[in-house]
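Have the structure open as you read.

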Amino acid sequence: MVSNSKTFTFEEVAKHNHKKDCWIIVHGKVYDVTPFLDDHPGGDESLLSAAEKDATIDFEDVGHSDSAKELMQKYYVGEVDDTTLPAKVNQSQPRPPTQAHADSNQSSGFVVKILQFFLPLLMLGFAFALQYYKKQKKQVSDS
């Protein structure tokens with residue numbers, strides 16, 4: 001990468017948002033991925049959907065390999081002025097969950113565990129009840 005790289009505003013980068021001209025922002029760096037669209041393993045739509053925003057979280061969520069990260073250097077065109085990023089876009093790090101959100105996740109996890117235990121038992125009980133009902137019905141019709 002060039003040490004005296006060009007700095008772009010978010011608005012400048014966001015203009016490059018179509019198949020013939022696609023730029024993305026990852027970790028504050030700007031990449032012209034237009035020549036890579038057809039070769040991207042996730043398809044061109046995943047890169048096109050990353051245009052016009054900070055794609056850092058999307059990029060990290062996928063878990064790209066080291067070789068993919070090295071390949072990105074080939075498409076590097078500069079840096080983004082992070083003061084020009086829209087407020088909701090200027091979040092390269094996911095926010096930690098609030099206490100209410102954490103409690104909600106804990107309680108929903110507990111409910112899932114309970115359901116994983118009781119649902120099979122409920123289905124088994126239903127199957128036995130159905131079998132018993134059929135046996136009783138057959139005995140009544142045989143009498």
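Q: What makes Glu 79 partly exposed?
A: Its relative accessible area is 25%. Buried needs under 20% and exposed needs over 50%, so Glu 79 lands in between and counts as partly exposed. Keep in mind that this is a predicted model.

Q: Why is the contact between Lys 29 and Glu 79 called a salt bridge?
A: The closest N and O atoms are 3.8 Å apart. The cut-off is within 4 Å, so the pair qualifies. Lys 29 sits in strand β4 (residues 29-32) and Glu 79 in strand β5 (residues 76-80), 50 residues apart.

Q: How do you know that Lys 19 and Asp 44 form a salt bridge?
A: Here the closest N and O atoms are 2.5 Å apart, and the rule asks for within 4 Å. Lys 19 lies in the loop between β2 (17-18) and β3 (21-26), while Asp 44 is in helix α2 (residues 44-50), so the pair ties together parts 25 residues apart in sequence.

Q: What makes Lys 53 and Asp 58 a salt bridge?
A: Their side chains meet at 2.6 Å, N to O, and that is within 4 Å. Lys 53 is partly exposed at 30% relative accessibility, and Asp 58 is partly exposed at 33%.

Q: How many salt bridges does the structure hold?
A: It holds 3.

Conventions
Residues numbered from 1 in each chain as written. Predicted model: local features only at pLDDT ≥ 70, side-chain atom pairs only at ≥ 80, totals over all residues. Heavy atoms only, no water. Helix = DSSP H or I, 4+ residues; strand = E, 2+ residues; numbered from the N terminus. Buried < 20%, exposed > 50% of the residue type's maximum accessible area, 1.4 Å probe, protein only.
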